Amino acid sequence: MLFSSYIFILIFLPIVLIGYYYLNKFGQEKPHAKWWLVLSSLFFYSFWYPPYLLIILSSVLVNFTLAKYIQSSDLIKNKKVLFYLGLAFNIGLLGYFKYRDFFLENLNFILSTDFHFAKLALPLGISFFTLQPVSYTHLTLPTKR
């Protein structure tokens, strides 16, 4: 579903807006309206290729959990280890989906091997949703003063 498609403009967007304003009760701060937007966004993301929803959900779950542990830890060393663990997870996720075929192609050329390409369709916005948590978890680290 594209932003300019009829299904988005005439069906999806009106349903999301009506649901949001209904759950929000026109100005009152309600968590149900926020959850409606989150679920609607996940539906929109998975509309093109539903299996990639698992990628974004696992990214959110791992990064949220790591950020909570970073915030609750008392030792700066533990905070840094958790941050680097999250960094490795995010860069690994990005590297696998975005650069796997590039590395295999070069490895095949250099070593005269025949590794097969994954031919994966690049998940929509993978650079954004893997680099944003890096920034978020970095902000949870204490600053030196």
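1. Tyr21 counts as partly exposed, since its relative accessibility is 42%; the term covers values between buried, under 20% relative accessible area, and exposed, over 50%, with a 1.4 Å probe and protein chains only. Tyr20 is also partly exposed, at 23% relative accessibility. This is a predicted model, in which local features need pLDDT of at least 70 and side-chain atom pairs count only at pLDDT 80 or more, while totals for chains, interfaces and linings use all residues. Residues are numbered from 1 along each chain as its sequence is written, and side-chain values use heavy atoms, with hydrogens and water left out.

2. There are 16 aromatic pairs, a pair being two rings of Phe, Tyr or Trp (its six-membered ring) whose centres lie within 6.5 Å, with planes under 30 degrees apart counted as stacked, over 60 as edge-to-face and the rest as tilted.

3. Which geometry do the rings of Tyr45 and Phe129 adopt? Their centres are 5.9 Å apart and their planes stand at 90°, so this pair is edge-to-face. Because Tyr45 belongs to helix H2 and Phe129 to helix H5, the pair ties together parts 84 residues apart in sequence; helices here are DSSP runs (H or I, at least four residues), numbered from the N terminus. Both partners are buried: Tyr45 has a relative accessibility of 12%, and Phe129 has a relative accessible area of 10%.

4. A cluster linked by ring pairs contains Phe3, Phe8, Phe12, Phe43, Phe44 and Phe47.

5. Helix H2 spans residues 31-46, 16 residues in total, and reaches 23 Å from its first C-alpha to its last. That is close to the 22 Å expected at 1.5 Å a residue, where the expectation is 1.5 Å times one less than the number of residues. Its buried residues are Ala33, Ser40, Phe44, Tyr45 and Ser46. These pack against helix H1 (6-24), helix H3 (53-72) and helix H5 (126-139).

6. H2 and H3 pack at an angle of about 140°, their axes 9 Å apart; axes are lines fitted to C-alpha atoms, for helices over the stretch in contact, and angles run from 0 to 180 degrees between N-to-C directions. The arrangement is therefore oblique, given that angles under 35 degrees count as roughly parallel, over 145 as roughly antiparallel, 65 to 115 as roughly perpendicular and the rest as oblique. Leu42, Tyr45 and Ser46 of H2 meet Leu53, Ile56 and Leu57 of H3, contact meaning heavy atoms within 4.5 Å. These residues divide into 5 nonpolar, 1 polar and no charged, with Ala, Val, Leu, Ile, Met, Phe, Trp, Tyr, Cys and Pro taken as nonpolar, Asp, Glu, Lys and Arg as charged, and the others, Gly among them, as polar.

7. How do H3 and H5 lie, and what makes their contact? Their axes come within 10 Å and cross at roughly 5°, so H3 is roughly parallel to H5. On the H3 side the contact involves Ile55, Ile56, Ser59, Asn63, Ala67, Ile70 and Gln71, and on the H5 side Phe129, Pro133, Tyr136 and Thr137. The composition is 7 nonpolar, 4 polar and no charged.

8. Val134 is placed in helix H5 and is buried at 15% relative accessibility. Apart from neighbours within four places in sequence, Val134 is in contact with Phe83, Leu87 and Asn90. Val134 and Phe97, 37 residues apart in sequence, are 17 Å apart in space, C-alpha to C-alpha.

Key:
Helices (H or I, at least four residues) and strands (E, at least two) are DSSP runs, numbered from the N terminus.
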